[in-house]
Amino acid sequence: MIKIDIHKSLYGSNGNMELDVNLDIKKGEFVALMGQSGSGKTTLLRILAGLEKAEGSIVANGISWQGMPPQLRGIGFVFQDYALFEHMTVEQNLLFVNKDKELASQLLEMTALKGLAKRNVQTLSGGQKQRVSLCRAMMKKPTLLLMDEPLSALDPTMRSKLQREIKQLHLAFGTTTIMVSHDPSEVYALADRVLVLKEGKIIEDGASDKIMVNKNGSIKVKVLNLSLITNRTVATILLAGELVQVEVDNSVKIGDTIVITLNSQTLGL
Amino acid sequence: MIETLDFAPFLLSFKLAGVTTLILFIVSLPLAWYLSQTNSKSKPFLEAVTALPLVLPPSVLGFYILVVLSPNSSVGSFLENIFGIKLVFSFAGLVVASCFYSLPFMVQPLQSGFESLNKHMLEASYLAGKNKFQTILRVALPNIKPSLITALIITFAHTVGEFGVVLMVGGSIPNETKVASVAIYEMVEVMEYGKAHIYSAIMVGISFMVLLSVYLFNHKQKTKIGLA
């Protein structure tokens, strides 16, 4: 559906870097883009959207996008900071993209925003704003939906709620989606395919359960604190979002990375 | 005394300010937008030229405008011979001079308003299929209302209060170039202090009301956010 072969020299906070991406994305795929800050994820999305220039070629459905302005690409883009039109109501934000009132109403229904249609977007909560942003991006029925860390500013409950809505919209509209994310659980829940970007190059590319799931039961964690309990050294670590205490060797220091092995009992197998 | 006062200079001042504000808004919009979006090397040069009327003595500005627009210059003679427009000592000439003189008062608030906008919001408009012109009109301007109102009102008020440039380029022809500030100057010259007092008091009152309306509007806009 979309063939990407681009090159761009970046001068960022991490020094100079060459962004080199060669990629084929199939129609209807949900691709997650992972990697450390400054690895070029957002730049890649912006190049695809036509908001930044790059050398090389982008061909979507047989049409070259090189030199094509963002207005003509028919892309949906969800920004991390929502980027809503602040002087408009929820409904006006959607109709600004496309006058199709029926589609707007359908999208607002799907994302439980119907009751807020006439509200000014400045009065909404973060989760509601991001839903409006998502609906606005879908108003073009885009062939390609790009999302730049769409859920990073939201609390965990709102995240899982919106994850379901994103998946629902992706399937309902048969959209091809590329999402930048730092959250492994989010990527695992949403994406079919995961790309890991490092210093401008794709270093891993595969199905999400192949790339994301650690099958050997060992996890590297950082020691947050140490205490002595009846002559035994106990380390406090963060595991699956919870603070856990485990017994460790007395040579371990605070800040060290240790390997925790989960046995079958712990895994519940 | 009030019956004998001639209010034509005030009407002329407001007419001049209205026309100047309208022309400057149209001219400054693309200039302020360009300055707010560009990183080009020419930006500081353009900004300096735009801000020049803030620091130049009005007599310097008036002198050069007079030199360029006079029928003896190539520009002046071209305009007079081809279009029959005489720009020195005429209302049209005053408008041209005022546009130069008040340019920074329109450009700078608009530029800083555009610069304060979330860039992603403008990009969202482009991605929605809108071109730059539609984005400026439908997204950028409605989101910089306080800057827009400041630019329009301060330009208007500044043009009403203009004196040096107007006197040099327009002189003092009743109903043509004799604006309120020039009229006050002439009253003081012939020692008609009573009339000068009334004219000056009116100017102070109007100027204060104009500024008060700007600050009230901007205050209202700030408190309105979140309650729309």
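A:Gly206 touches A:Arg193, A:Val194 and A:Ile211, leaving aside residues up to four places away in sequence. The model is predicted. A:Gly206 belongs to strand β10 of chain A, which covers residues 201-207. The residue is exposed, because 12 other C-beta atoms lie within 10 Å and a count of 12 or fewer is the mark of an exposed residue. A:Leu134 is 72 residues from A:Gly206 along the chain, and the two C-alpha atoms are separated by 26 Å.

Chain A is assigned two domains. Domain 1 takes in residues 2-212, and domain 2 takes in residues 218-267. The C-alpha centres of domain 1 and domain 2 of chain A lie 37 Å apart.

Helix α5 of chain A holds A:Leu134 among its buried residues. This helix runs over residues 126-138. Its 13 residues should span 18 Å at 1.5 Å a residue; the end C-alpha atoms are 19 Å apart, which agrees. Of the 13 residues of α5(A), 10 are buried, so the helix is largely enclosed by the rest of the structure. The buried set comprises A:Lys129, A:Gln130, A:Arg131, A:Val132, A:Ser133, A:Leu134, A:Cys135, A:Arg136, A:Ala137 and A:Met138. These residues pack against several elements of chain A. The partners are the helices α3 (90-95), α4 (101-110) and α6 (156-173), together with β6 and β7 (144-148).

Strand β6 of chain A, one of those partners, is covered on both faces. A:Ile75 and A:Phe77 lie on one side, A:Gly76 and A:Val78 on the other, and all are buried. β6(A) pairs with β7(A) in the parallel sense, over 4 bridges. Within this pairing, A:Phe77 has A:Leu146 of β7(A) as its bridge partner.

The loop between β6 and α3 of chain A contains A:Tyr82. Phi of A:Tyr82 is near 70°, a positive value in a residue other than glycine. A:Tyr82 counts as buried because it has 25 C-beta neighbours inside 10 Å, and the cut-off for burial is 20 or more.

Helix α1 of chain A covers residues 41-49. Here 7 of the 9 residues are buried, so α1(A) is largely enclosed by the rest of the structure. The buried residues are A:Lys41, A:Thr43, A:Leu44, A:Leu45, A:Ile47, A:Leu48 and A:Ala49. Just after the helix, A:Gly50 takes a positive phi of about 85°.

A further sheet of chain A is built from 4 strands. The sheet is open, its order is β13-β12-β11-β14, and the pairing is antiparallel. β13 (242-247) and β14 (257-261) stand at the edges. Each has a single partner strand, so one side of each is left without a neighbour in the sheet. From one strand to the next, the twist averages 50°. Strand β11 of chain A, residues 218-229, pairs with β14(A) in the antiparallel sense over 5 bridges. A:Val221 has A:Ile258 of β14(A) as its bridge partner.

Chain B has 11 helices and 0 strands. The C-alpha atoms of chain B fill a box of roughly 60 × 45 × 30 Å along the principal axes. Chain B has 228 residues, of which 33% count as buried. Among contacts in chain B between residues at least 6 apart in sequence, 73% join residues at least 24 apart.

B:Phe89 lies in the loop between α4 (74-83) and α5 (91-115) of chain B. Its phi is near 55°, a positive value in a residue other than glycine. B:Phe89 counts as partly exposed because it has 17 C-beta neighbours inside 10 Å.

The two chains meet at an interface. Here 17 residues of chain A are in contact with 17 residues of chain B. On the side of chain A that touches chain B, the elements giving two or more residues are α2 (70-73) and β6 (75-78) of chain A. The residues of this side divide into 10 nonpolar, 5 polar and 2 charged.

Note on methods:
Residues numbered from 1 in each chain as written. Chains lettered and ligands numbered in written order. Predicted model: local features only at pLDDT ≥ 70, side-chain atom pairs only at ≥ 80, totals over all residues. Contact = placed C-beta atoms within 7 Å. Nonpolar A, V, L, I, M, F, W, Y, C, P; charged D, E, K, R; others polar. Expected span 1.5 Å × (residues − 1). Pairing = 2+ DSSP bridges. Axes fitted to C-alpha atoms, helices over the stretch in contact; angles between N-to-C directions. Domains from an automatic or database assignment.
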